[in-house]
Amino acid sequence: MTPQTKTVLGSRLAQQKLLFDGAFGTYYAQLFDAKELPELANTLHPERVRQIHAEYIEAGAQIIRTNTFAANTFSLDLPWETIQDNLRQGYRLAKEAARGKDVYVAADIGQIPSDSRSGREAAAKEYTEICRTFLEEGADCFVFETLADLDDLQEAIRLVGDKAFVVVQFSVNQFGYSNAGLSARKLIQRAEEIPLIDAVGFNCGVGPGHMQQIIRGVPFSGTKFRTALPNAGYPQYVSNRMIFHNRNIDYFASKVQDMAEDGADLLGGCCGTTPEHIRALRARLSLTQPKKPPVISIPAREKAPVEDHSFFAGKEGKPLIAVELAPPLGSDDKALMDAAHLLQKSGVDVLTFPDSPSGRTRADSILVAEKVARVTGMCVMPHICCRDKNAIAMRSQLLGAYLNHIQNFLVITGDPIPSMVRNSVKSVFNFDSVGLMRIINDMNEDQFASSPICFGGAINQGRKNLDFEISRVKKKMAAGATFFLTQPASTKESIDRIRRIKEATGARILCGIMPFVSLKNAIFIKNEMTGIQVTDEVLARYRPDMTREEGEQAGVQLAKEMMALSADFVDGYYFSFPFNRVGMLEKILQD
């Protein structure tokens with residue numbers, strides 16, 4: 001290939017369709033009954049890698065992918081220097097197999113598995129280093145495949161996008177959603193918005209029949225080439241091994257041919273496919289590219305009226321009032337329901353329910369919110385955190401809540417699991433709060449368009465690097481957040497930091513207020529609750545010998561002072577009362 005492969009490959013695709021190879025990993029396991037990951041064969045068994053590439057080329061593949069799908073430190077658990085050698089060797093073996101033939105070599109990069117925020121940051125850096133290594137070897141075609149989203153790939157794509165032909169392929173289930181919870185439509189839309197990407201589509205996840213249905217349901221813009229590389233079908237698990245049967249080769253080829261006729265430009269196979277699948281496809285497929293009609297922008301249809309069920313709908317001009325009620329630790333909800341009934345006539349705009357804060361089990365926030373709404377008729381807003389459920393469970397939970405008329409949520413990343421139970425209980429963290437917001441925003445467009453979910457985020461004004469917190473607020477707003485609740489503020493410094501965030505973002509902000517009810521309560525919050533600043537000046541407001549009434553009055557006075565300091569810029573207040581002592585609210589709101 002020439003250094004101008006980006007242009008050459010694009011020009012060729014405008015004239016004819018091109019055929020990828022099939023699966024490397026599952027075919028390798030079938031041939032050699034190997035227990036190690038196939039990527040290790042680049043250095044341990046290079047002759048095997050050459051053999052598989054040669055078989056796919058002989059079967060008719062015009063683009064072969066390097067045997068580097070899982071060649072990263074996360075998957076192979078090897079030092080970066082060893083991974084880098086593996087990448088170089090994988091690329092050289094593919095080039096050797098393609099030498100002297102009209103075959104392109106694509107640097108193959110799979111999704112790096114990572115759950116935590118720090119892990120994803122490390123993954124994003126490693127993607128870039130992987131791409132840099134391939135570029136040093138002369139790679140001019142890159143395939144990023146089996147992706148759940150694009151969040152970690154932005155920098156890597158910027159690095160290679162003006163130097164190489166870039167293919168991005170997502171993996172979705174038979175219902176059209178990725179493991180990150182994003183729909184096929186949204187994934188393609190986001191990829192098409194990135195100019196440096198040349199081709200977009202799908203691979204893995206589903207068999208050819210389901211992939212055809214999914215592709216037909218996606219409104220491709222026509223500005224990029226399309227790819228379709230389905231699995232051979234669905235596997236059986238035998239002795240903990242994934243086994244594909246090759247009885248459906250003609251069916252596979254027929255369905256992929258249909259996808260080609262529907263407009264796919266780059267075709268091939270993923271898990272379970274073999275050189276026989278590619279041979280059958282090459283024999284059946286017409287590679288001539290039909291003349292495509294020009295891309296015509298279709299005027300947007302007039303949208304139907306959207307129902308606004310947000311807790312702040314129609315309440316402009318008045319401070320919004322949110323009150324947090326902690327779900328019970330056990331099965332007795334009497335105190336919670338008593339507090340909810342007490343607040344019914346208090347002018348509260350929304351009741352909000354935390355989602356097992358500090359990683360300690362409480363009654364489910366959504367189910368508790370549903371009961372309170374049903375019994376009292378009040379507007380409710382459960383918190384939903386990313387710690388305990390994967391994307392599939394999150395979407396299911398949101399759908400169930402929506403069916404029960406819960407349409408306001410506070411979306412948070414969530415506190416980590418307490419260290420003493422980490423050996424038996426594991427956090428999930430498929431994504432952070434911004435990732436979950438994008439999922440909800442996606443669902444609002446796809447499923448809840450006529451009456452979308454209203455969601456907001458949290459602000460930690462006590463973060464040492466306030467500029468970073470401001471950038472997080474902006475990201476959340478870009479992901480669809482329409483309001484923010486802050487951590488409780490108990491000092492002028494904290495109020496001033498919230499003011500800075502408001503000025504920098506213009507966000508709708510409800511200032512957090514926690515009226516401590518005793519010295520013991522304030523000391524506990526200071527030492528046990530992260531993110532809540534309690535200064536010595538605040539502690540000095542309380543005496544050890546205070547009566548209950550005196551302690552509550554000190555809390556009322558503190559709340560009034562914080563409200564006075566913030567009244568000129570915040571949009572409302574978010575009250576969290578220790579021990580659900582919501583009766584204090586009336587005194588706080590009195591002039």
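Strands β4 and β5 run parallel and are joined by five bridges; strands here are DSSP E runs of at least two residues, helices are H or I runs of at least four, and both are numbered from the N terminus. Two strands count as paired if DSSP finds at least two bridges between them. Within this pair, Val143 has Val167 of β5 as its bridge partner.

Before going on, some ground rules. This is a predicted model, so local features need pLDDT of at least 70 and side-chain atom pairs count only at pLDDT 80 or more, while totals for chains, interfaces and linings use all residues. Residues are numbered from 1 along each chain as its sequence is written, and side-chain values use heavy atoms, with hydrogens and water left out.

**The open sheet**

β4 and β5 belong to an open sheet of eight strands with parallel pairing, in the order β1-β10-β7-β6-β5-β4-β3-β2. β1 (18-19) and β2 (63-65) are the edge strands, each pairing on one side only. As a reminder, strands of a sheet pair through backbone hydrogen bonds, either parallel or antiparallel.

How well covered is β4? Strand β4 (residues 141-147) is mostly covered, with seven of its seven residues buried; buried means under 20% relative accessible area, exposed over 50%, and partly exposed in between, using a 1.4 Å probe and protein chains only. β3 (residues 104-110) runs parallel to β4 and is joined to it by four bridges, with Ile109 opposite Phe144 of β4. Out at β1, two bridges make the parallel link to β10 (residues 266-267), and Leu19 has Leu267 of β10 as its bridge partner.

Helix α10 (residues 208-216) has Pro208, Gly209, Met211, Gln212, Ile214 and Ile215 as its buried residues. Those residues pack against α9 (184-192), β6 (199-203), β7 (225-229) and α11 (249-261).

**Ala180 in its loop**

Ala180 is in the loop between β5 (165-170) and α9. Is Ala180 buried or exposed? It counts as buried because its relative accessibility is 11%. Leaving aside residues up to four places away in sequence, Ala180 touches Ala148, Asp149, Ala391, Phe431 and Ile439, where contact means heavy atoms within 4.5 Å. Ala180 and Gln213 are 33 residues apart along the chain, and their C-alpha atoms are separated by 20 Å.

**The barrel**

There is also a closed barrel of eight strands, β11-β12-β13-β14-β15-β16-β17-β18, with parallel pairing. Its twist averages 25 degrees from one strand to the next; angles run from 0 to 180 degrees between N-to-C directions, and axes are lines fitted to C-alpha atoms, for helices over the stretch in contact. β11 (residues 320-324) and β18 (residues 572-576) pair in the parallel sense over five bridges, and Ile321 has Tyr573 of β18 as its bridge partner.

Here is how some helices lie on the strands:

| Helix | Strands touched | Direction angle |
|---|---|---|
| α15 (residues 391-403) | β13 (380-385) and β14 (408-412) | about 175 degrees with β13 |
| α21 (residues 548-566) | β17 (509-513) and β18 | about 155 degrees with β17 |

α6 (residues 80-98) has 19 residues and reaches 27 Å from its first C-alpha to its last, close to the expected 27 Å at 1.5 Å a residue; the expected span is 1.5 Å times one less than the number of residues. Among the buried residues of α6 are Ile83, Asn86, Leu87 and Arg88. After α6 comes Gly100, with a positive phi near 80 degrees.

Helix α2 (residues 25-32) packs on helix α4 (residues 46-59) at about 115 degrees, with axes 11 Å apart. Tyr27, Tyr28, Leu31 and Phe32 of α2 meet Arg48, Gln51, Ile52, Glu55 and Tyr56 of α4. By class, that contact has six nonpolar, one polar and two charged residues, with Ala, Val, Leu, Ile, Met, Phe, Trp, Tyr, Cys and Pro counted as nonpolar, Asp, Glu, Lys and Arg as charged, and the others, Gly among them, as polar.

**Overall numbers**

The protein has 22 helices and 18 strands, and its C-alpha atoms fill a box of roughly 90 × 55 × 45 Å along the principal axes. Buried residues make up 54% of its 591 residues. Of the contacts with a separation of 6 or more, 77% come from residues 24 or more positions apart.
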